[in-house]
Amino acid sequence: MDSEAAKSNCPWGEYFDSIRTSCPWSGKAYKMNKILFVQTNENCLRTWSNLFPHTKHEAYVYTWPDKSAEWLETMSIGLNDIYPDSEWLWSHPAEGGESTPVGCLIQQDAHQLNTIRESIGYVE
């Protein structure tokens with residue numbers, strides 16, 4: 001795992017600034033170093049996932065530059081089933097819009113994320 005490589009290979013600061021309207025808490029978390037960028041492999045993903053609840057990070061962003069949007073979506077569905085206390089999101093640049101600059105899976109604390117969404121009136 002190379003956290004610095006996962007973080008430095010993309011313009012993450014610009015990305016979080018660009019999604020401020022739909023995800024206003026992410027930019028602040030990024031600036032406060034509360035997002036850990038992880039470049040890993042499928043064999044180590046569960047180990048990292050299990051560590052997440054025991055950290056002070058608000059999110060883990062697992063970068064997968066060589067994976068398809070379909071693979072990321074399938075993985076996020078499965079991971080949401082395995083880790084009910086986490087919310088797993090996925091993003092891929094091929095999807096356009098507010099997509100991340102590189103394919104990724106995003107792990108966040110489900111309760112904390114829902115609390116933030118409710119506090120700003122952003123509930124689906």
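A: Phenylalanine 37 has valine 61, in β2, as its bridge partner. The neighbouring bridge named here joins leucine 36 to tyrosine 60 of β2. Together β1 and β2 run parallel and are paired over four bridges; strands count as paired when DSSP finds at least two bridges between them. Strands (E, at least two residues) and helices (H or I, at least four) are DSSP runs, numbered from the N terminus.

The model is predicted, with residues numbered from 1 along each chain as its sequence is written; local features need pLDDT of at least 70 and side-chain atom pairs pLDDT 80 or more, while totals for chains, interfaces and linings use all residues. Side-chain values rest on heavy atoms, with hydrogens and water left out.

In β1, Ile35 and Phe37 are on one side and Leu36 and Val38 on the other, and all are buried, which leaves both faces of β1 covered. Buried is under 20% relative accessible area, exposed is over 50%, and partly exposed is in between, with a 1.4 Å probe and protein chains only. In β2, five of five residues are buried. Ala59, Val61 and Thr63 point one way from β2, and Tyr60 and Tyr62 point the other way.

In soluble globular proteins, nonpolar side chains tend to be buried together.

In α3, the buried residues are Trp25, Ser26, Gly27 and Ala29. Their cover includes α2, β1, β4 and α6 (110-119). Aspartate 17 belongs to α2 and is partly exposed, because its relative accessibility is 35%. Its C-alpha is 9.9 Å from that of tyrosine 30, a residue 13 places away in sequence.

Between α3 and β1 is a loop that holds asparagine 33. Asparagine 33 has a phi near 60 degrees, positive although the residue is not glycine. Most residues other than glycine have a negative phi. Asparagine 33 counts as exposed because its relative accessible area is 52%.

The largest pocket holds about 550 Å³. Among its 27 lining residues, Ile19, Cys23, Leu89, Ile106 and Gln108 are closest to the pocket centre. A pocket is found on a 1 Å grid over the protein atoms alone: it is an open set of points where a 1.4 Å probe fits, with protein on both sides within 12 Å along at least five of seven lines, and lining residues have an atom within 4 Å of a point. The points are joined across faces, edges and corners, and the volume is the space filled by probe spheres set on them.

Each of α2, α3, β2, β3 (86-91), β4 and α6 supplies at least two residues of the lining. The largest share is that of α6, with four residues. By class, the lining comprises 16 nonpolar, six polar and five charged residues. Here Ala, Val, Leu, Ile, Met, Phe, Trp, Tyr, Cys and Pro are nonpolar, Asp, Glu, Lys and Arg are charged, and the others, Gly among them, are polar.

Two further residues extend the picture. Glutamate 95 is in the loop between β3 and β4. Its relative accessible area is 49%, and therefore it is partly exposed. Glutamate 95 touches Ala69 and Trp90, leaving out residues up to four places away in sequence; contact means heavy atoms within 4.5 Å. From leucine 36, glutamate 95 is 59 residues apart in sequence and 23 Å apart in space, C-alpha to C-alpha. Isoleucine 82 is part of α5 (residues 69-82) and is partly exposed, with a relative accessible area of 41%. The C-alpha atoms of isoleucine 82 and arginine 46 are 9.7 Å apart, with the two residues 36 apart along the chain.
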